[in-house]
Amino acid sequence: MHKLDGLPERVTVYEVGPRDGLQNEKAVVPVEVKAEFIGRLAAAGHTVIETTSFVHPKWVPQLADSGELLAMLERRPGIRYPVLVPNLKGLDRALESGVEEIAVFASATETFANRNLNRGLESQFEMFEPVIAGALEHGLRVRAYVSMVFGDPWEGPTPIEQVVGVGTRLLDLGCFELSLGDTIGVGTPGHATALVEAFGSPERLAVHFHDTYGQALANTMAALKAGVTVVDASTGGIGGCPFAGSATGNLATEDLVWMLDGLGIETGLNLDELVATSVWLAERLGRPSPSRVVQALSQTALSQTALSQTALSPKD
């Protein structure tokens, strides 16, 4: 490992695979597979795993089993299991399931707010405010996502002051953390640095990058140098935004951990177990993992196994 100045000693990887990763899968993943997936992530060292969403099944059929999943989930001490909650009905269902932490999802642009939430940039807060207040009244912690922070497909580049305005308002409502989402992956390191610095203080910020233009790791590095210590990632790089056609998958957890391990930054995560989990999940989804690190390490393991079998086989 080679440590560099100006980087944090430790980074929290906020795992979004079970929710953001699986939500766009066309074939319904059995609830038993989802539960095992979450268990494997916990065993690999994750301390925060976003498990599901209480959105209406009409909009995200893949997560229609959220209540059933949480009922069968073995929740381990020291691990947070947040869920996404879009409205008061979702909050009621989350409370019935005994959750301790929720997340709300906002937009930094007018068009995406309309397309994703059926609300405007301003009127979206009419939906979030009672959810956040109700969650806080019940002792829950609330995280906020703000999407399209660098640009969206309809409006082009998003003004930084617009992102700061939406994000600051969410924090002022009582959210403990704000995740800045590059929903279509158009951000670059300089832009990422400028956005984080525009908030004035990075302590309550997290970043959520998509790898559409291959910039996710570079953007993450820029955010870390600017003081961010929480990074969203998805096992195997699965997932994307169903309302943004140009978006590719999330930053892969394994690719992120490979980089952080090389920098001597602690995560508490076991890379071998993460790769094994991605290979296991890819088999159930019926396609290879898009993660470069998973592809490289799993192929290396297969090659080593083949060499060992050849060495042990009888010789003529």
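A: The buried residues of helix α5 are covered by several elements, among them β4, α6, β5 and β6 (151–152). Please keep in mind that this is a predicted model.

Q: Which residues of helix α5 are buried?

A: A residue counts as buried when its relative accessible area is under 20%. In helix α5, which spans residues 110–117, the buried residues are F112, A113 and L117. Viewed down the axis of α5, these buried residues fall within an arc of 105 degrees, so they line one face of the helix.

Q: What is found at the start of α5, and what comes just after α5?

A: At the start, a side-chain oxygen of T109 comes to within 3.4 Å of the backbone nitrogen of F112. F112 is also one of the buried residues of this helix. Just after α5, N118 adopts a positive phi of about 55 degrees.

Q: Let us turn to strands. How many residues of strand β8 are buried?

A: Strand β8 covers residues 177–182, and six of its six residues are buried. To read a strand, one examines each side in turn. On one side of β8 lie E177, S179 and G181, on the other L178, L180 and D182, and all of these are buried. Both faces of the strand are therefore covered.

Q: Which strands pair with β8, and in which sense do they run, parallel or antiparallel?

A: Strand β5 runs parallel to β8, and four bridges join the two. Within this pairing, R143 stands opposite E177 of β8. Strand β9, residues 205–209, also pairs with β8 in the parallel sense, over five bridges. There, S179 has A206 of β9 as its bridge partner.

Q: What do β8, helix α8 and β9 make?

A: Together with helix α8 (residues 189–198), the strands β8 and β9 make a right-handed β-α-β unit.

Q: How should I read salt bridges, and how many does a search of the whole structure find?

A: Side chains of opposite charge can pair when their charged atoms come close. A search of the whole structure finds 13 salt bridges. One of them joins the side chains of R143 and D232, with 2.7 Å from N to O. This pair links distant parts of the chain, since R143 belongs to strand β5 (residues 141–147) and D232 to strand β10 (residues 230–233), 89 residues apart.

Q: Are R143 and D232 buried or exposed?

A: R143 is buried, at 0% relative accessibility. D232 is buried as well, with a relative accessible area of 2%.

Q: Which elements hold the partners E129 and R169, and how is their accessibility classed?

A: The closest N and O atoms of the salt bridge between E129 and R169 are 3.6 Å apart. E129 lies in helix α6 (residues 124–137) and R169 in helix α7 (residues 160–172), 40 residues apart, and the pair links distant parts of the chain. E129 counts as partly exposed at 33% relative accessibility, and R169 counts as partly exposed at 30%.

Q: What is the accessibility of R80 and of E101, which meet in a salt bridge?

A: Their side chains meet at 2.8 Å, N to O. R80 is partly exposed, with a relative accessible area of 26%, whereas E101 counts as buried at 5%.

Q: Which residues are linked in a network of salt bridges?

A: R19, D20 and E50 are linked in such a network.

Terms used
Residues are numbered from 1 along each chain as its sequence is written. This is a predicted model: local features need pLDDT of at least 70, side-chain atom pairs count only at pLDDT 80 or more; totals for chains, interfaces and linings use all residues. Side-chain values use heavy atoms; hydrogens and water are left out. A salt bridge is a side-chain nitrogen of Lys or Arg within 4 Å of a carboxyl oxygen of Asp or Glu. Buried means under 20% relative accessible area, exposed over 50%, partly exposed in between (1.4 Å probe, protein chains only). Two strands pair if DSSP finds at least two bridges between them. A crossover is right-handed if, with the strands pointing away from the viewer, the path from the first strand over the helix to the second runs clockwise. The arc is that of the directions from the helix axis to the C-beta atoms. Contact means heavy atoms within 4.5 Å. A polar contact is a pair of N or O atoms within 3.5 Å; within protein, one must be able to donate a hydrogen and the other to accept it, and residues adjacent in sequence count only if both atoms are side-chain atoms.
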